[in-house]
Amino acid sequence: MTLNLAAELYRLPGVGSVRARQLRERGLVTVGDLLWYLPYRYEDRSSPTPIGALATPDVTVTLVGEVTDLRERRARTRALHLVEALVQDGSGAIPVVWFNQPYVARSLRRGVRLWLHGTVRLARSGWGLQLVSPEWEVEEDREPLHLGRVVPVYRRLGPASGRWLRSLMAAALARVEVAEGVLDRLLGGEYPTLAQALQQVHFPQLPTEEAAAGRFLDEMYGRTSLFHRRLALEEFAGLALVLEKARAARSALAAPRCQVSEREREWARAMLPFPLTGAQKRAVGEIVADLQKPTPMARLLQGDVGSGKTVVAALASLVVLSSGYQVAFLAPTEVLAQQHWTTLSKLFARIPFPVYLLTGSLAPGEKEAVRKALQQGSPALVVGTHALLEETVTVPRLGLAIVDEQHRFGTSQRQRLVEKGSSPHLLVMTATPIPRSLALSLYGDLEVSVLDELPPGRRPVRTVIREREALPKLLQFVREEARSGGRVYWVFPVIEGSETPALKSLQAHERTLRRQLEGIACGTVHGRLRPEERDAVMRAFAQGEIAVLFATTVIEVGLDVPEATLMVIENPERFGLAQLHQLRGRVGRGQRRSFCVLLLGEQVSREARQRLEFFASTADGFAVAEEDFRLRGPGEFTGMRQWGRPEFRAASLLLHQSELDLARTLVRQALEAGELEQLEAGLSLPPSLGEDIPPG
Ligand code: ADP
Ligand code: MG
């Protein structure tokens, strides 16, 4: 019986209707789905240790020998069933015991050759060693599965144990015929075939030569083997395909057509309170060129905190407004929406287009007025929060949708905004610096503009690492800053400390700190406050009614308070570097010299310290992002999940960058040759990758 990858799982031996349902609930329907469920690690159980060489307890070993004695008994005192065996090889013998597994006795008999894998313990008598409840497998004619080889280890899937899955994998691989994949043909022998890769990733065949075997195992363990790379290619091709299709779909749409004349240039000059940086000029140039094209723009504006993305967005808006269209600007929080509205209102003060604010906290009458105005369809700029996405809000002549701090929004929200118009231009902005390789895969369907330059006159934030003992001095510094008009953020990793006592919690510490800072206005924000309360406190801080703000990371995104000069971070060792960088970006936004103090917790590891020292030594967000990426992989990046990108099974953006590039090239070539559909039909993908991601 041969099956193909599309065959359903119940066709495999051992999969009845119950198992089939359990697997289906976890996304595995076909043999292909099963084979994409990859081992998360391997164990080398290929070479048995001679029994006579065992000397010390508490080591995990693989043994093979003959069963020379076998008995069953019940312990009288406890309801305990024991199977006891003696296993002997040429070098010695070892007693083995299994507790409450009577079927072991039924499956074994004297004289069989038995493979064992487990941890050697000191026998209870205190004399000699024994093996307690080891994994076992009787050596037969067929190839060994669980022992006597490099074995794959699977995470259990609900009721299906890892060992059961291993047997099922073997059964599937013995029966499946993996047809030549499209990529097999395109790759032309440089990589193993899909069939080989699937076989070897589950049941690797160890090379016989010792040095080669060591290297092979390292690569298998590290997921960098050619087999893993081949599977990564399949996944990356799947992703590249989705992105290219999104791009292609977009290029078939007709966009709102914009023009730029002398009038707009005049206005632009009038609205800018400062000359643009070189990077801003470049970004504006790229955006304005896109806006004049017949197909909708989809562009990511990536710029470190404080690089001045808002004015770039304002200039883009100006072009769209003066071409007779409306602009919607989506911000993740009330405070940010308000901040943008204030900034944009000032910029547009002498330009004849209205700037509206639409947030949840507006009075119903005010909201209604904005909705009515937008409904007219005359050129206007509206800044808002999620309230903007409500169905009752119509923006009939939407020409440009802007999404700020886009990682706070999901794809569907971005989509809802875009759908308020008919194929408007899209500009998404992010301050989370993203390594190039990650940007390609996350935002491969977008063009990218980068602001890699800060406005002139900024002095980098001075970052220092301090132990707890430095607190009195730090408090003195806080008082001085507050008295001279500066403002201070003091950030904690958690609100309450009950669950993780090692972390400094906001609630446990702010009271003491407030007492020590007597006479200075302090405020508190965290995620459990109602949004209105939180906004009220943040506003008071922005306006200077509060000088010291105790907070959790809710303050991370986008807040622009130029007077803030000091950022204190408790337990910085618990934060990712990218997140620390976001936090640090809240200060150093004005003329005054700013500081970031990393206040270490107890028992910080050497690696953590080195990481923080690296962070303190650089102000470059991209360098920080690369390092964070290198240390923690892409999974930790803010927004990867919200963005709706599936998680890979074999592929790693960190380990397989050349495969990512190769996959993109192959997909582009297929597109140019008009063979995208064949490519798509011929890919084998894990279940989650099959889902389509809507075009931006
Ligand atoms: P971000 O990119 O983090 O969103 P903002 O748009 O909030 O940055 O800008 C940060 C600050 O820099 C604002 O106060 C803004 O007015 C100022 N700014 C932006 N561009 C320039 C420039 N070219 N010259 C001087 N200041 C600028
Ligand atoms: Mg911003």
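I'll start with one side-chain pair: Arg45 and Glu135 are joined by a polar contact of 3.1 Å. Before going on, note that this is a predicted model.

Where does Arg45 sit? Its place is in the loop between strand 1, residues 41-44, and strand 2, residues 60-75. Is Arg45 buried or exposed? Its relative accessibility is 3%, so Arg45 counts as buried; the cut-off for buried is under 20%. Leaving aside residues up to four places away in sequence, Arg45 touches a list of residues that includes Thr62, Trp115, His117, Glu135 and His146. The run from Leu147 through Gly148, Arg149 and Val150 to Val151 is also among its contacts, and so is Arg166.

Now the overall layout. The protein chain is divided into domain 1 (9-42 + 163-222), domain 2 (47-148), domain 3 (230-252 + 651-689), domain 4 (262-451) and domain 5 (462-618). I'll take the pair formed by domains 3 and 4.

Over C-alpha atoms, the centres of domain 3 and domain 4 are 30 Å apart. Domain 3 gives 11 residues to the contact, and domain 4 gives 11 residues. Between them, the two domains bury about 1,000 Å², with 56% of that on carbon and sulfur atoms. Which residues of domain 3 lose the most area to domain 4? They are Leu243, Arg247 and Arg250, which together make up 48% of what that side buries.

Arg247 comes up again in the polar part. The count of salt bridges between domain 3 and domain 4 is one. The side chains of Arg247 and Glu447 meet in a salt bridge, at 2.8 Å from N to O.

On the domain 3 side, the elements giving two or more residues to the contact with domain 4 are helix 8 (226-251) and helix 22 (657-672). Helix 8 supplies the largest share, six residues. By class, that side of domain 3 has five nonpolar, two polar and four charged residues.

Thr343 has its place in helix 12, residues 334-347. Its relative accessibility is 32%, so Thr343 counts as partly exposed; that class lies between the 20% and 50% limits. How far is Thr343 from Ala314, C-alpha to C-alpha? The separation is 9.4 Å, for two residues 29 apart along the chain.

That's what I have on this model.

Note on methods. Residues are numbered from 1 along each chain as its sequence is written. Chains are lettered from A and ligands numbered from 1 in the order in which they are written. This is a predicted model: local features need pLDDT of at least 70, side-chain atom pairs count only at pLDDT 80 or more; totals for chains, interfaces and linings use all residues. Side-chain values use heavy atoms; hydrogens and water are left out. Domain bounds come from an automatic or database domain assignment. Contact means heavy atoms within 4.5 Å. Buried area is the accessible area (1.4 Å probe) that two parts lose on being put together, summed over both. A salt bridge is a side-chain nitrogen of Lys or Arg within 4 Å of a carboxyl oxygen of Asp or Glu. Helices (H or I, at least four residues) and strands (E, at least two) are DSSP runs, numbered from the N terminus. Ala, Val, Leu, Ile, Met, Phe, Trp, Tyr, Cys and Pro count as nonpolar, Asp, Glu, Lys and Arg as charged, and the others, Gly among them, as polar. Buried means under 20% relative accessible area, exposed over 50%, partly exposed in between (1.4 Å probe, protein chains only). A polar contact is a pair of N or O atoms within 3.5 Å; within protein, one must be able to donate a hydrogen and the other to accept it, and residues adjacent in sequence count only if both atoms are side-chain atoms.
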